[in-house]
4 protein chains.
Amino acid sequence: MSRPRFGIWLIGARGGVATTSIVGLAALKQKLVEPTGLVSGLPELAALEPAGWDDFLVGGHEIRDVRLADEALRLATSYRIIDQDLVAKVQEELERIDRRIRPGTICNVGTTIEQMAGPDVPRGESPREAIGRIGDDLNQFAEENGLEHVIVVNVASTEPSVDAASLPASWNEWEPLLESAETCPVPASTLYAIAALTSGCSYINFTPSLGSAPEAIDELARRHETRHMGCDGKTGETLMKSVLAPMFAARHLKVMSWVGHNIFGNLDGKVLDDPVNKRAKVASKDHLIGDILGYRPQTHVSIEYIESLGDWKTAWDHIHFQGFLGTPMTLQFTWQGSDSILAAPLVLDLVRFTELARRRGQTGRLTFLASFFKSPYGVDRQDFAGQFRLLTQWAGLED
Amino acid sequence: MSRPRFGIWLIGARGGVATTSIVGLAALKQKLVEPTGLVSGLPELAALEPAGWDDFLVGGHEIRDVRLADEALRLATSYRIIDQDLVAKVQEELERIDRRIRPGTICNVGTTIEQMAGPDVPRGESPREAIGRIGDDLNQFAEENGLEHVIVVNVASTEPSVDAASLPASWNEWEPLLESAETCPVPASTLYAIAALTSGCSYINFTPSLGSAPEAIDELARRHETRHMGCDGKTGETLMKSVLAPMFAARHLKVMSWVGHNIFGNLDGKVLDDPVNKRAKVASKDHLIGDILGYRPQTHVSIEYIESLGDWKTAWDHIHFQGFLGTPMTLQFTWQGSDSILAAPLVLDLVRFTELARRRGQTGRLTFLASFFKSPYGVDRQDFAGQFRLLTQWAGLED
Amino acid sequence: MSRPRFGIWLIGARGGVATTSIVGLAALKQKLVEPTGLVSGLPELAALEPAGWDDFLVGGHEIRDVRLADEALRLATSYRIIDQDLVAKVQEELERIDRRIRPGTICNVGTTIEQMAGPDVPRGESPREAIGRIGDDLNQFAEENGLEHVIVVNVASTEPSVDAASLPASWNEWEPLLESAETCPVPASTLYAIAALTSGCSYINFTPSLGSAPEAIDELARRHETRHMGCDGKTGETLMKSVLAPMFAARHLKVMSWVGHNIFGNLDGKVLDDPVNKRAKVASKDHLIGDILGYRPQTHVSIEYIESLGDWKTAWDHIHFQGFLGTPMTLQFTWQGSDSILAAPLVLDLVRFTELARRRGQTGRLTFLASFFKSPYGVDRQDFAGQFRLLTQWAGLED
Amino acid sequence: MSRPRFGIWLIGARGGVATTSIVGLAALKQKLVEPTGLVSGLPELAALEPAGWDDFLVGGHEIRDVRLADEALRLATSYRIIDQDLVAKVQEELERIDRRIRPGTICNVGTTIEQMAGPDVPRGESPREAIGRIGDDLNQFAEENGLEHVIVVNVASTEPSVDAASLPASWNEWEPLLESAETCPVPASTLYAIAALTSGCSYINFTPSLGSAPEAIDELARRHETRHMGCDGKTGETLMKSVLAPMFAARHLKVMSWVGHNIFGNLDGKVLDDPVNKRAKVASKDHLIGDILGYRPQTHVSIEYIESLGDWKTAWDHIHFQGFLGTPMTLQFTWQGSDSILAAPLVLDLVRFTELARRRGQTGRLTFLASFFKSPYGVDRQDFAGQFRLLTQWAGLED
């Protein structure tokens with residue numbers, strides 16, 4: 001086994017998505033599983049020569065006082081999403097990674113997330129202090145492990161939404177405001193982004209939180225010759241929307257209403273039970289139907305925390321559309337998928353593709369990764385096939 | 001209202017799809033309905049300047065002894081797919097068209113369809129006689145009405161399947177066999193195609209019947225500098241398959257099984273209740289999953305005649321797939337659509353696009369129309385988005 | 001046709017349920033339809049000799065400024081729930097009934113309903129005035145038409161919920177409070193009940209509004225030797241719950257969660273879009289699962305106004321349950337029914353059974369009608385089969 | 001732990017249902033699981049004092065050459081229906097039981113089942129020889145283990161159907177025919193029944209195979225003062241039918257069609273893939289809708305073997321019904337349950353209730369157990385609530 005050259009730094013490192021990514025990476029290293037679910041594992045992309053699994057080392061930030069091994073066991077026994085045998089086989093690796101996980105920040109995360117924080121998490125940090133501390137953790141991780149490059153991925157719970165338009169448009173205006181949480185009301189996800197990009201790391205926002213969305217943060221990335229992308233991993237119901245809505249558009253069928261009802265019971269669901277956190281998520285799940293269709297049918301997205309479902313997110317969508325001669329018709333679908341199992345391979349894909357983009361010298365927003373996100377930065381097209389072509393074109397597979 | 005320049009000649013002219021197409025065309029001429037469901041009515045395709053609705057005159061062949069107005073009324077009252085008011089408003093036009101419908105042929109259509117034939121339909125015709133009679137009908141239709149060009153569309157019920165590979169590869173070998181039904185065991189749909197193409201008409205096969213699929217018939221089309229395409233209009237469940245299967249492929253999710261259960265109660269359903277007729281349909285609905293995925297998961301397609309549903313075809317599909325770490329997940333959908341309402345606008349679209357292709361001097365197979373068919377002639381790609389791009393590229397909208 | 005002996009007085013007389021009941025009654029009188037959907041039309045109950053359809057005459061109260069014939073037409077054309085032909089055939093009867101509909105009261109109905117009131121509806125009535133006026137209308141209806149008995153049925157939109165426990169327990173305490181809306185904060189549904197019962201009419205509350213639920217109103221009914229029952233017609237999703245929950249109980253399967261998502265777009269849906277009106281409805285739809293199971297699994301009921309659906313209420317229920325050895329399993333159902341078509345026959349049934357109860361001298365709460373209601377007055381058992389046996393036992397069909 | 005007093009003898013003792021029953025019984029003995037899914041574990045039936053789990057000892061017949069522990073492991077890992085930990089904890093018990101399982105008979109089981117038989121299973125036995133051998137096994141099991149009574153339960157795969165009407169009506173006519181498979185064309189399930197009843201054991205037929213259905217076998221049971229019941233455990237889709245059809249009947253809603261589509265991938269599914277075996281199952285799943293409704297709507301039941309689903313049987317039912325004024329409406333449900341997990345507790349329930357019936361001196365058909373079966377012997381009523389009342393009445397809970 002070669003020495004790892006790249007770091008994966010997970011924000012929310014002991015959450016469901018992170019734990020599944022970590023278990024999966026360990027299993028891939030040990031060749032215990034097939035690359036099913038990994039876009040970067042598609043045979044047709046092999047010519048890109050993405051980094052191997054052994055090239056990656058994992059660390060991260062976490063605010064809760066839990067252990068990776070316990071979380072992995074719960075995914076196996078309570079949630080029934082991973083084989084118990086598999087968890088047993090990667091147990092030691094989980095313990096090694098656990099020791100590389102550092103306390104995160106709760107600056108502007110909202111009360112629901114704040115309440116989850118363990119005793120080690122600093123209280124009352126200013127944004128500047130948080131950024132400094134996070135940057136130190138990232139640098140130390142890279143130096144101690146001799147890593148060539150670190151890719152930071154935000155897989156923490158959704159923060160309350162922030163109006164990006166109200167933020168300073170340039171980094172020079174922004175920088176002085178970092179002194180206090182009052183003058184700089186941006187959430188933790190953005191502070192992680194600032195720390196990562198300033199340290200030369202790449203940054204990926206897998207959540208609908210603010211992250212690196214603001215214009216000034218993109219400027220920061222380009223200034224530091226690094227790269228970022230987001231936001232909100234497109235794993236299930238919204239993936240379906242981005243696949244189905246173009247069909248209605250192409251066939252000139254008029255969508256009258258599109259209702260999506262989502263139920264699940266993992267930690268993310270608990271956080272989304274708080275209306276201020278839910279708002280960002282619902283907006284991210286909802287906008288693309290109108291974007292694709294070119295008109296705004298009535299849409300409704302609900303997300304409910306149903307504890308018994310654990311990580312199994314079930315979405316029921318009801319699409320009411322009008323066909324020829326005005327005749328109303330209906331499409332319904334039920335999607336039953338494990339949230340973490342769907343998300344984890346995309347996290348690993350994003351890391352690999354970002355590393356490839358770095359090799360190619362790309363900086364700023366990585367728009368070719370649009371198909372991975374519900375609300376891709378800098379990309380208007382929302383149809384999955386079109387977004388996926390951005391990837392295959394980047395990969396040199398299509399003109 | 002200008003004088004019509006083009007003829008639409010429908011095979012199965014008083015069936016559900018034909019009747020709905022006829023009612024729809026009449027309603028479009030009277031500006032009673034919006035162009036919902038018409039691909040050729042998409043605003044982005046307006047620059048193509050497709051022929052206007054007033055440019056078309058309808059005639060056709062039919063074997064059953066029924067009246068168009070009665071069929072249209074049933075669509076409104078028993079099937080609840082068209083407004084009764086609308087039917088009333090086009091009543092006179094239906095009667096005019098009824099008078100232009102001629103007895104079809106039942107040469108090699110199988111016993112289930114044969115039993116539906118009325119007293120006017122000739123018994124015991126040889127293929128050559130049938131072709132001659134059909135050709136005369138087409139020529140007379142064009143001449144009497146001063147039509148520039150006639151497009152023949154097969155919307156008759158599905159015939160028993162024929163092994164295309166067993167047929168002569170060239171028209172010269174084939175032609176002498178037309179003398180008797182024994183030496184030329186091809187079904188009516190192919191005889192209509194031969195008659196149409198020989199007369200210089202365009203031919204569209206909207207059904208899974210043999211039609212113009214054989215190599216020798218394509219040769220005939222090119223020899224007569226005319227054009228054809230098929231087969232089997234992609235209206236509902238199979239459209240969904242061609243939209244969803246690429247998503248599983250792009251995300252490297254492994255489809256383990258794909259079950260599709262279709263129920264409906266119109267005349268087509270009754271014909272498909274005969275296993276020999278059903279076989280062709282099931283094959284056409286089933287092949288594309290493996291074609292798109294690149295491997296063959298277990299698939300199952302069932303089609304059942306459930307009388308109470310009338311024209312409302314309900315499909316339940318259950319897709320069992322494996323994600324990351326081998327975790328099994330499920331997607332189910334229920335599609336509730338009116339078969340005729342979904343098919344009719346595609347018939348009108350195909351006519352308009354075929355007319356445009358003629359203006360552009362295209363002959364042989366019109367492969368740019370692949371997105372309209374379950375089993376497009378001469379096209380391997382089965383993903384809807386890719387097929388639809390063939391159309392938009394042809395239309396000059398994409399490179 | 002014999003002279004009608006009984007009156008049906010509908011509160012909300014031009015709403016969807018009332019209009020469908022009226023169209024249906026007229027169609028039954030003219031023998032245009034079968035008694036499908038009518039419990040009182042079951043062959044096994046024929047021996048009860050319920051009153052014939054010609055025995056009933058309809059009148060009612062309404063607050064909106066609309067016409068019955070227009071409402072009926074909308075049910076046929078926009079909502080596609082009734083045949084247009086049928087509406088045409090009962091047109092004259094609708095106009096006759098329209099003339100017997102009087103302005104209702106908006107005393108304490110909440111702002112959402114208040115805003116729907118037309119110019120004829122009195123503003124600022126005291127409860128006593130409203131009761132007086134309603135009573136006069138009822139008496140005049142009975143006298144002018146020579147009716148033996150009048151049955152008042154509340155099918156108006158759901159009012160904001162009221163805490164029944166906060167109301168006076170006896171009629172003597174209550175009566176003096178009627179002077180003003182402040183001292184007597186009960187909604188219109190209860191004022192109609194008071195007026196009806198005081199006038200000797202029977203009263204049926206088909207909605208979750210307060211109606212005759214309070215103890216003191218039941219006392220009033222018994223004092224006037226008349227009868228009443230409610231509340232909230234059990235038409236669709238909740239009917240399913242009362243049928244399915246007992247199965248889980250009998251089989252000792254442990255329901256972990258029961259989620260019900262309801263979407264529809266009629267006027268009732270619009271009113272329920274107001275959270276204060278929705279609360280009463282959700283409570284009525286939700287309680288029975290725990291009542292039947294004997295424990296409280298997590299439940300969730302949502303009701304969303306989706307305009308395109310019109311009267312077609314679609315419910316998706318997801319039941320997550322644990323079987324032997326703790327194995328989790330799932331039942332999902334989708335119910336697609338017309339709200340008004342499901343409710344209307346139950347209104348007619350309740351009228352007929354109430355009339356029969358009067359013949360038998362029954363007063364107070366008619367508990368044998370429990371199976372018709374989501375929250376039956378005076379009945380604890382919530383399983384449909386058990387409730388239905390109350391009816392068949394009352395009918396003498398079972399011991 | 002007390003010494004077991006009663007024997008459970010399973011036919012098909014290493015199949016999915018048997019293995020799950022065995023694992024479950026062992027887990028119950030070790031108090032590792034709650035009595036979820038066990039009707040006999042309902043608190044309201046505790047007063048009946050059913051035998052405790054320690055009172056039972058398991059043995060059985062099997063034709064396949066497999067091991068219980070392997071089968072149990074597959075239920076845990078491939079099928080994901082049992083916790084792997086639980087299987088590990090009962091491992092030793094499985095091995096003990098394995099040693100008590102004897103080779104079954106393949107007399108008249110049809111070729112599909114025959115092909116599964118291992119080398120130990122006798123070939124070419126006459127019915128009389130098979131009965132003798134089976135009886136010896138049963139007697140030896142009882143004697144060696146000092147058992148007071150043995151209850152034989154058939155949980156083997158479905159045999160090809162036999163016309164019960166063609167069989168001799170009395171045991172005296174039947175007995176001489178046992179000499180050869182030609183004169184006595186009854187399947188193995190019936191030979192087991194004859195052997196069991198003749199030996200004084202109780203017999204329960206949990207499958208749609210012939211078993212103890214014939215009149216002459218019931219006579220045999222009564223002659224030997226023992227008892228029997230069947231047939232075909234009502235676990236999922238058919239349970240739903242027996243719960244939902246009465247709702248449509250009670251509400252006078254007219255069922256126009258009822259389509260049920262079942263997919264699953266366990267061994268039973270494989271056997272049912274053979275049309276001769278499937279016929280008996282489909283008939284048993286289908287008849288009760290007409291029985292409950294009192295008329296015969298169009299029904300359709302399909303059962304497909306979809307390997308990837310393993311023991312997870314998914315049923316999609318589509319019920320098309322007519323409501324008031326003839327308006328068509330739809331109910332769809334999807335049932336996702338583990339076949340073995342649903343069946344196993346019913347097997348244990350039937351054993352316990354049969355033991356109780358023996359204590360009460362009941363012989364012949366145990367009709368109070370009707371609610372457990374799709375086609376209960378000697379019971380006409382098919383509504384679940386009514387059947388369940390037979391049980392609660394027998395238990396003294398209702399009049």
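This is a predicted model: local features need pLDDT of at least 70, side-chain atom pairs count only at pLDDT 80 or more; totals for chains, interfaces and linings use all residues.
Strands here are DSSP E runs of at least two residues, helices are H or I runs of at least four, and both are numbered from the N terminus. Two strands count as paired if DSSP finds at least two bridges between them. A:Phe333 stands opposite B:Phe333 in β10(B).

Residues are numbered from 1 along each chain as its sequence is written, and chains are lettered from A in the order in which they are written. Local features need pLDDT of at least 70 and side-chain atom pairs count only at pLDDT 80 or more, while totals for chains, interfaces and linings use all residues.

## The eight-stranded sheet

The β10 pair belongs to an open sheet of eight strands with mixed pairing. The order is β8(A)-β7(A)-β9(A)-β10(A)-β10(B)-β9(B)-β7(B)-β8(B). Which strands form the edges? They are β8 (298–305) of chain A and β8 (298–305) of chain B, each pairing on one side only. From one strand to the next, the twist averages 10°.

Within chain B, strand β9 (residues 312–322) runs antiparallel to β10(B), joined by eleven bridges. B:Phe321 has B:Met329 as its bridge partner in β10(B).

## Helices on the sheet

Helix α9 (residues 237–250) of chain B packs on the sheet. It touches β7 (254–264), β9 and β10 of chain B, and its direction makes about 15° with that of β9(B). In chain A, α12(A) lies across β7 (254–264), β9 (312–322) and β10, at about 80° to β10(A). Axes are lines fitted to C-alpha atoms, for helices over the stretch in contact, and angles run from 0 to 180 degrees between N-to-C directions.

## The A–B contact

Chain A and chain B give 46 residues each. Residues are in contact if their C-beta atoms, placed from the backbone, lie within 7 Å. On the chain A side, the elements giving two or more residues are α1 (16–29), α9 (237–250), β10 (328–338), α12 (339–359) and α13. The largest share, ten residues, comes from β10(A).

By class, this side has 29 nonpolar, 15 polar and two charged residues. Nonpolar means Ala, Val, Leu, Ile, Met, Phe, Trp, Tyr, Cys and Pro; charged means Asp, Glu, Lys and Arg; the others, Gly among them, are polar.

Notes: Two residues are in contact if their C-beta atoms, placed from the backbone, lie within 7 Å.
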